[in-house]
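Colleague: I have a model open and want to learn how to read it. Can we go through it together?

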Amino acid sequence: RRVHGVATLVSACKTPPEPAAPVAQPDTPPSPVTGPIAGPSGSARNSAAPTPRLYRESGATHLYGLNADRIYKGKMPPLLYAVGVINVEINQVGIVTKLDWMRAPRHAPEVIAEIERTIKAASPF
């Protein structure tokens with residue numbers, strides 16, 4: 001399975017955004033898709049996403065949830081220090097097995113290392 005994502009690092013001062021109003025989620029029928037198999041420590045999280053797109057969204061939500069204090073919310077400023085696009089492969093128990101950069105911010109190797117560390121630290125998905 002692959003989780004696609006866009007990673008950005010904003011090196012600017014910002015004020016905290018206003019809290020967004022909760023959005024009501026429509027009821028969805030049970031999914032025939034089974035999430036990751038529980039890992040040896042039982043820490044793999046389940047995803048009942050019925051489509052690959054929703055599965056990627058579930059992975060992104062997991063990653064963003066663990067790094068909420070580091071995620072820029074709102075409209076991005078026009079000049080960013082680094083933007084990266086990365087494919088993340090995970091195995092059936094949700095462990096990251098491969099990181100494949102589609103667009104790496106080569107001018108900022110410290111950003112590449114931090115993004116990779118952050119994704120690996122969020123494992124299992």
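Colleague: Which strand has the lowest mean pLDDT among the elements of the chain?

Modeller: pLDDT is the predictor's confidence in each residue, from 0 to 100. Helices (H or I, at least four residues) and strands (E, at least two) are DSSP runs, numbered from the N terminus. Strand S1 (residues 2–9) has the lowest mean, 50. S3 has the highest, 96. The chain mean is 75, and 64% of the residues reach 70 or more. Over residues 31–43 the pLDDT is below 50.

Colleague: What rules apply to a model like this?

Modeller: This is a predicted model: local features need pLDDT of at least 70, side-chain atom pairs count only at pLDDT 80 or more, and totals for chains, interfaces and linings use all residues. Residues are numbered from 1 along each chain as its sequence is written, and side-chain values use heavy atoms, with hydrogens and water left out.

Colleague: In what order do the elements run?

Modeller: From the N terminus, β-α-β-β-α. That is two helices and three strands.

Colleague: Which residues of H1 are buried?

Modeller: Buried means under 20% relative accessible area, exposed over 50%, and partly exposed in between (1.4 Å probe, protein chains only). In H1 the buried ones are Tyr55, Ser58, Gly59, His62 and Leu63. They lie on the same side of H1, because their arc around the axis is only 130 degrees. That arc is taken over the directions from the helix axis to the C-beta atoms. On the other side of H1, Arg53, Thr61 and Gly65 are exposed. Across the 125 residues of the chain, 29% count as buried.

Colleague: Which members of the largest nonpolar core touch the most others?

Modeller: A nonpolar core is a set of buried Ala, Val, Leu, Ile, Met, Phe, Trp, Tyr and Cys residues joined through side-chain atoms within 4.5 Å. The largest one here has 18 residues. Val88, Val96, Ile119 and Phe125 touch the most other members. At least two core residues come from each of helix H1 (52–66), strand S2 (82–90), strand S3 (96–103) and helix H2 (109–121).

Colleague: How far apart in sequence are the contacting residues?

Modeller: Contact means heavy atoms within 4.5 Å. Take the contacts between residues at least 6 apart in sequence: 60% of them join residues at least 24 apart.

Colleague: Is the peptide bond from serine 123 to proline 124 cis or trans?

Modeller: Most peptide bonds are trans. The one from serine 123 to proline 124 is cis, with omega near 5 degrees. Proline 124 sits in the segment after H2.
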